[in-house]
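Work through the exercises below with the sequence and the model open side by side. Each task is followed by a solution in steps.

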Amino acid sequence: MTKELRALIVEDSQDDALLLVGALEQGGYEPRFERVDSSGTMAAALARQRWDIVFADYTMPQFRGTDALELLTKSGLDVPFIFVSGTIGEDTAVAAMKAGAHDYIMKGNLKRLVPAVQRELREAETRHQQRQVEEKIRRQQERVRALHEIDLAIISTLELHSVLKLLLEKLDLFLPDFVASAVRLLDKEHGVLELAACRCIEGQEWISKEWKAGAELDRVAAETKTALLVEDLQTDPRIRDFEFTRRHGLGSYLAVPLIAKREFVGVLSFYLQRGRAFNNEEIEFLVTLGGQAALAIHNAQLYEQTKKQAEELEQANRVKSEFLSVMSHELKTPLNIVMGYAGMIRDKIMADQGSALEKIVRQSRDLLEMIDGILDVTAIEAGAISLRAQEFRLDHFLEEMKSLYDYALGRKIRLVWEWPAGLPKINTDSVKLKHILQNLINNALKFTEEGTVTVSARITEGNRQQAIGNRKEGSEATEDLTNASCLLPNASQVVEFKVTDTGPGIPEDKIPVIFERFRQLDSSTKRSYGGTGIGLHIVKTFTEMMGGWIEVESELGKGSTFTVTIPLET
C-alpha cells in the first residue's frame with residue numbers, strides 16, 4: 001500500500017528530480033511533488049501548501065542548497081530538509097547538518113533515501129506531537145492563571161456591581177475576539193432573568209436596546225441548567241432578529257448557567273465574531289469560569305442581603321425610637337385633656353359642662369383612632385387582614401362618606417366633593433375603601449390651615465401596562481407601590497379617587513418615605529401636627545390589597561394630590 005508524500009524538490013535538473021521521485025516510488029511512496037530552482041519559486045511553494053519533506057541539491061548555479069535551507073529556516077516551518085548531492089564532501093555535509101539540515105544523501109547512493117525519509121518523517125511527527133503537548137500545557141497554564149486572576153479580581157470586593165464589572169473586564173484579556181458578554185441574574189421574587197451587567201466592544205446600543213433573542217436563549221439555559229451552544233446565530237432557526245446579528249457581527253453564542261451551592265443564580269453569556277466558533281477547550285474554560293463567577297455572585301448577593309438587612313434593622317430601630325417618642329407624646333396629650341376636663345366636672349368647678357364633655361368625647365375619639373391604627377398595622381404585619389369584597393353603589397358610598405364630614409370644620413377650610421352622575425356599581429371591600437379615603441381626607445384637613453380640600457371620583461380605563469408605567473415613570477414614592485401580583489388585567493375599568501389640598505405641600509426628597517410605617521416628615525415632639533405616622537402606610541397597603549396603586553403629586557406652598565386607583569372588580 002503506497003503512502004502519499006508531499007515533497008518539495010529544490011533542483012535545477014529535471015532528470016535528477018525524477019530520479020528522486022522514482023526512488024521514492026520504489027520505496028512505497030506516492031510522491032506529490034513540485035520542483036523549484038529559485039528563492040522566489042520556493043517561497044511561493046512554501047506559502048501555497050504544506051509539505052512533508054524538502055529535498056535540495058547542494059550545488060546549483062543560481063540558487064544554492066544552503067540558500068534553500070536558510071529560506072526554510074526563516075519561514076519557521078518544521079519540515080525535514082535533506083540534501084541530495086553528487087559533490088558534497090564530508091566536511092561540507094557536517095557543516096550543513098549544523099546549519100539545520102536533517103540528513104544528506106549522495107546521488108550515487110539513493111538506496112539510503114527511503115530509510116532516511118522514513119526516519120525524518122517519524123521524528124517530525126514526534127516533534128509535532130511534542131509541540132501539541134507543550135501547547136496544550138501552555139494553554140492550560142494560561143487558563144489556570146486566568147482563573148486565578150479573575151478569582152483575585154472578583155473576591156477583592158463583595159459589592160455586586162463591582163464583581164460583575166471586574167468579571168466582564170477580565171474576559172477581554174482571555175477571550176480577546178469576543179463581541180459581547182452579558183450577565184443576567186435571577187429575580188427570585190418574580191422568577192425572571194434580569195440584565196445585570198453587559199460588556200460590548202461594538203458600543204452602547206447593546207445596553208440601551210437589549211437583544212430579545214439573547215434573552216430568550218439565556219432563558220433556555222436557565223431552564224435546562226446546562227450550557228447552551230449556538231454555532232451560528234445568523235443561521236439558527238430559533239433566532240428571529242437576524243438584522244441585529246448581522247449588524248453586530250454576531251456568530252457563535254455560549255450561555256453558561258450560574259449555579260452556586262446547588263442554587264441557580266443566573267446566566268453568563270458570550271458572543272463571538274461571525275466565522276469564529278467556540279472550541280472544546282474554550283467551552284470547558286468558560287464553564288469552569290461560570291462556576292467560579294456563580295460563587296462570587298452568590299457571596300456578593302449574600303453580602304448585599306446582609307447589608308440591606310443591617311440597614312433595615314438600623315432604620316427599624318430608628319423608627320422604633322421615633323415611634324416611642326411620638327406615641328408617648330400623642331397618647332398622653334388626649335389622656336391629659338380627658339382627665340383634666342373630667343376632673344373639673346367631678347369637682348364641679350366648670351360651668352359649661354357640655355363644652356367640657358364635647359372636648360372629652362373628641363379627644364377620646366382621637367385616642368381611639370390612634371389605637372385602631374396601631375392595631376390595624378399589627379394585624380397587617382401578622383397577615384390577619386383579608387379582603388372582603390361585596391357589590392355596592394359607588395354614588396351611595398360617596399354620599400355616606402360626605403355625610404361623615406357634615407360638621408363645622410373650623411378654620412377657613414372648605415371641603416368640596418365632586419363626582420359625576422350615574423356612577424356604576426363596584427365590587428370591592430367597602431370598609432377598606434372607606435378607611436383609605438378617611439385617612440387621606442383627614443390628613444388633608446389636618447395639614448391645610450386655610451383653603452380647599454377637594455375629594456373627587458371618576459371612572460376611567462386602566463391596564464397592566466399603565467400600572468407598570470405609573471410605577472416606573474412616577475415619583476420615587478410610588479416606584480415600589482405596585483406589586484406585580486396585584487396588577488390589573490389588561491383593558492379593565494377602574495375608579496380613580498383624588499384628594500387634593502391647598503396645604504404646605506411635601507418636599508420632593510421626603511415623598512419616598514411618607515408611606516413607611518410610623519414615618520412622619522417631622523418626628524419631633526414639638527411638631528405642629530399630631531398623629532402616629534401610620535395612616536398613609538395603611539392607605540398604601542389596603543390599596544394594593546384591592547389590586548390598585550397610589551400616586552402622589554405635590555408642590556411646596558401649593559398643596560398635594562393623592563390619587564388612588566382601584567379596579568371596579570377586585
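**Exercise 1. Aromatic rings**

Which residues form one aromatic cluster with Tyr58? The model is a predicted one. Find the cluster, then classify the ring pairs.

Solution. 

Step 1. The cluster consists of Tyr58, Phe81 and Phe83.

Step 2. Count the pairs whose ring centres lie within 6.5 Å. By this rule the count comes to 7 aromatic pairs. One of them is Tyr58 with Phe83, where the centres are 5.1 Å apart and the planes make an angle of 70°. Planes over 60 degrees apart count as edge-to-face, and the Tyr58–Phe83 pair is edge-to-face.

Step 3. Tyr58 belongs to the loop between strand 3 (53-56) and helix 3 (65-75), while Phe83 belongs to strand 4 (residues 81-85).

Step 4. Compare Phe392 and Phe397, whose ring centres are 5.5 Å apart with 45° between the planes. This pair is tilted. Phe392 is buried, as is Phe397.

**Exercise 2. Charges over rings**

Which ring has the charged end of Lys432 over it?

Solution. 

Step 1. The charged end of Lys432 is over the ring of Phe542, at 5.6 Å from the ring centre.

Step 2. Lys225 lies over the face of Phe264, and here the distance to the ring centre is 4.7 Å.

Step 3. Check both distances against the cut-off, which asks for NZ of Lys within 6 Å of the ring centre. The values to check are 5.6 Å for Lys432 and 4.7 Å for Lys225.

**Exercise 3. Helix packing**

How do helix 12 and helix 13 cross, and which residues meet there?

Solution. 

Step 1. Helix 12 covers residues 394-403 and helix 13 covers residues 430-447. Their axes come within 11 Å and cross at roughly 45°.

Step 2. Helix 12 and helix 13 are therefore oblique to each other. The crossing of helix 12 past helix 13 is right-handed.

Step 3. List the contacts. From helix 12, the residues are Phe397, Glu400 and Met401; they meet Ser430, Leu433, Lys434, Leu437, Gln438 and Ile441 of helix 13.

Step 4. Turn to helix 2 (residues 39-48), which packs on helix 3 at an angle of about 35°, the axes being 11 Å apart. Helix 2 passes helix 3 in a right-handed crossing. Ser39, Met42, Ala43 and Leu46 in helix 2 touch Ala68, Leu71, Leu72 and Ser75 in helix 3.

**Exercise 4. Positive phi angles**

Where in the chain is Lys261 found?

Solution. 

Step 1. Lys261 is in the loop between strand 9 (250-260) and strand 10 (263-273). Arg262 is in the loop between strand 9 and strand 10 as well.

Step 2. Neither residue is a glycine, yet phi is positive: about 55° for Lys261 and about 65° for Arg262.

Step 3. Residues over 50% relative accessible area count as exposed. Lys261 has 63% and is exposed. Arg262 has 86% and is exposed.

**Exercise 5. The whole chain**

How many helices and strands does the protein chain have?

Solution. 

Step 1. The chain comes to 15 helices and 17 strands.

Step 2. Of its 570 residues, 42% count as buried.

Terms used
Residues numbered from 1 in each chain as written. Predicted model: local features only at pLDDT ≥ 70, side-chain atom pairs only at ≥ 80, totals over all residues. Heavy atoms only, no water. Phe/Tyr/Trp six-rings, centres within 6.5 Å; stacked < 30°, edge-to-face > 60°. Helix = DSSP H or I, 4+ residues; strand = E, 2+ residues; numbered from the N terminus. Buried < 20%, exposed > 50% of the residue type's maximum accessible area, 1.4 Å probe, protein only. Lys NZ or Arg CZ within 6 Å of the ring centre and 35° of its normal. Axes fitted to C-alpha atoms, helices over the stretch in contact; angles between N-to-C directions. Parallel < 35°, antiparallel > 145°, perpendicular 65-115°, else oblique. Left-handed = near helix turned anticlockwise from the far one by under 90°. Contact = heavy atoms within 4.5 Å.
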